[in-house]
There are 2 protein chains.
Amino acid sequence: MRGIPGVAVVRLAAYRRELADLLRREEATVSSSELASRLGVNAATVRRDLSRLGSYGLRGTGYDVAHLLARVDAALALDRDWPVAIVGVGNLGRALAGSRGFTSDGFRVVALVDVDPRVVGSRVGTTLVEHLDDLPAIVAREHVAIGIVATPASAAQHVVWRLAEAGVRSILNFAPAHLEVPEGVAVRHVDLAVELQVLAYFGAHGEARRLDRSRPRPAAAAGPR
Amino acid sequence: MRGIPGVAVVRLAAYRRELADLLRREEATVSSSELASRLGVNAATVRRDLSRLGSYGLRGTGYDVAHLLARVDAALALDRDWPVAIVGVGNLGRALAGSRGFTSDGFRVVALVDVDPRVVGSRVGTTLVEHLDDLPAIVAREHVAIGIVATPASAAQHVVWRLAEAGVRSILNFAPAHLEVPEGVAVRHVDLAVELQVLAYFGAHGEARRLDRSRPRPAAAAGPR
DNA sequence: TTATGTGAAACCGTTCACAGCT
DNA sequence: AGCTGTGAACGGTTTCACATAA
């Protein structure tokens, strides 16, 4: 049962969002087809995704919203604490630090890191901006589990190595660059320029395909195999 | 060429980035395997992707960097102008407006839109923030081709209808919500919370997986506490 | 020899369709 | 009756492997 396909993990996160909404509305149960239509996916896909977590559906009725939400949270490991460090305190880094998505469900921005002497030592909100050289200490002190790379592309690879050395094994990269990572480190990329270019392609080719940018980005590349 | 698979379009944008870099370094040619290793993909995949644009490779040598870049640009329709409107001028909207990725290669932020009276009428940089109600006029005036949704989730669907009505056919959504769109409108989603949750999953399930474009990777350690 | 372009195979996620619970 | 869980069919991408060209 281990080994949920990357795309399916992305869908789990989407199901979670809908489930949280249903819970808020005090709906007791949902069917796979209802979840499916809310998210624009096939009902069989929903059932297969959820069945990977175990059989928690009730035939004839659907899924218990609260229970299923708890199972999804457990699968996504959201029942733990995930301290986040943001490296690169420019416009984007600042915006991310204040973003809703970055401060909920166990995610907390616990550190801001930069190298620019004009920024290091200042505060963003209540958080002090510290120097990249202190990363090992910061990671140890705050138990940082996820690193956000919001630096220019030219610095991104260097930052990734520093993060990896310091023990961070999950990285979300906003820099427009492909990154090499050591074995055991997971990376996901969010490249704004790429998103726009893809939209340009579809805009120009008049195809309105539904293609969500859901793609996991595995770790490391390393040597030939 | 018509009908490039969505994932391949994303890779084209990545190749473009590498090609631009190679051009900057004045490299005259690249091989598929060099591009492949730079991006962590298979060389055959690179060749198949590029061959969809036509046969521009030179056997025994590789691809002419400048020529290939021009072909990729043409395929992605980057030889045109793509005026962008950002709806939702909060932290994220502001950061995006000033972002590098949003102001290059034909993309220009030509309009900022919000509904909050405290924001409408103000300026971000040199751009005036206008009211959502004026969207049809704004789109017509600026020839807006791409709309960015950077509003709260609760407003996102409404904004999408407004954008679509006004004639915008490409939408990049940053709100944490699934969006219904009319036929002929392309949407891409960037959900920061989802990205973090996916990283939490991989961080927690670090074990044994294989490296593929869409799969988790082997990891050696456990998650955070 | 080196590297492209591409049939054909392998691989993998998606969807169907229905058996099996409640 | 209604809806889940899943074997099996399906469809599309990826990768192999090699004919082909420089």
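Helix axes are lines fitted to C-alpha atoms over the stretch in contact, and the angles between them run from 0 to 180 degrees between N-to-C directions. The model described here is predicted. In general terms, a pair of packed helices is characterised by the angle and the distance between the two axes.

**Confidence and domains**

- The average pLDDT of chain A is 91, and 91% of its residues score at least 70.
- Chain A comprises domain 1, covering 6-75, and domain 2, covering 82-190.
- The centres of domain 1 and domain 2 of chain A, taken over C-alpha atoms, lie 32 Å apart.

**Helix 1 of chain A with helix 8 of chain B**

- Helix 1 of chain A (residues 6-24) packs against helix 8 of chain B (residues 192-204) at about 125°, and 9 Å separate the axes.
- Angles from 65 to 115 degrees count as roughly perpendicular and those over 145 as roughly antiparallel, so helix 1 of chain A and helix 8 of chain B are classed as oblique to each other.
- The crossing of helix 1 of chain A with helix 8 of chain B is right-handed.
- On the side of helix 1 of chain A, the contact involves Gly6(A), Val9(A), Val10(A), Ala13(A), Arg16(A) and Arg17(A); helix 8 of chain B contributes Val194(B), Gln197(B), Val198(B), Tyr201(B) and Phe202(B).
- By class, the residues of this contact are seven nonpolar, two polar and two charged.

**Helix 8 of chain A with helix 1 of chain B**

- Among the residues in contact are Val194(A) and Phe202(A) in helix 8 of chain A, and Gly6(B) and Arg17(B) in helix 1 of chain B.
- This contact is made up of seven nonpolar, two polar and two charged residues.

**Helix 1 with helix 3 within chain B**

- Helix 1 of chain B also packs with helix 3 of chain B (residues 43-51), at about 95° and with the axes 10 Å apart.
- Helix 1 of chain B is thus roughly perpendicular to helix 3 of chain B.
- Ala8(B), Arg11(B), Leu12(B) and Tyr15(B) of helix 1 touch Thr45(B), Val46(B), Asp49(B) and Leu50(B) of helix 3.
- Five of these residues are nonpolar, one is polar and two are charged.

Definitions and conventions: Residues are numbered from 1 along each chain as its sequence is written. Chains are lettered from A and ligands numbered from 1 in the order in which they are written. This is a predicted model: local features need pLDDT of at least 70, side-chain atom pairs count only at pLDDT 80 or more; totals for chains, interfaces and linings use all residues. Side-chain values use heavy atoms; hydrogens and water are left out. Domain bounds come from an automatic or database domain assignment. Helices (H or I, at least four residues) and strands (E, at least two) are DSSP runs, numbered from the N terminus. Angles under 35 degrees count as roughly parallel, over 145 as roughly antiparallel, 65 to 115 as roughly perpendicular and the rest as oblique. A crossing is left-handed if the near helix is turned anticlockwise from the far one by less than a right angle, and right-handed if clockwise. Contact means heavy atoms within 4.5 Å. Ala, Val, Leu, Ile, Met, Phe, Trp, Tyr, Cys and Pro count as nonpolar, Asp, Glu, Lys and Arg as charged, and the others, Gly among them, as polar. pLDDT is the predictor's confidence in each residue, from 0 to 100.
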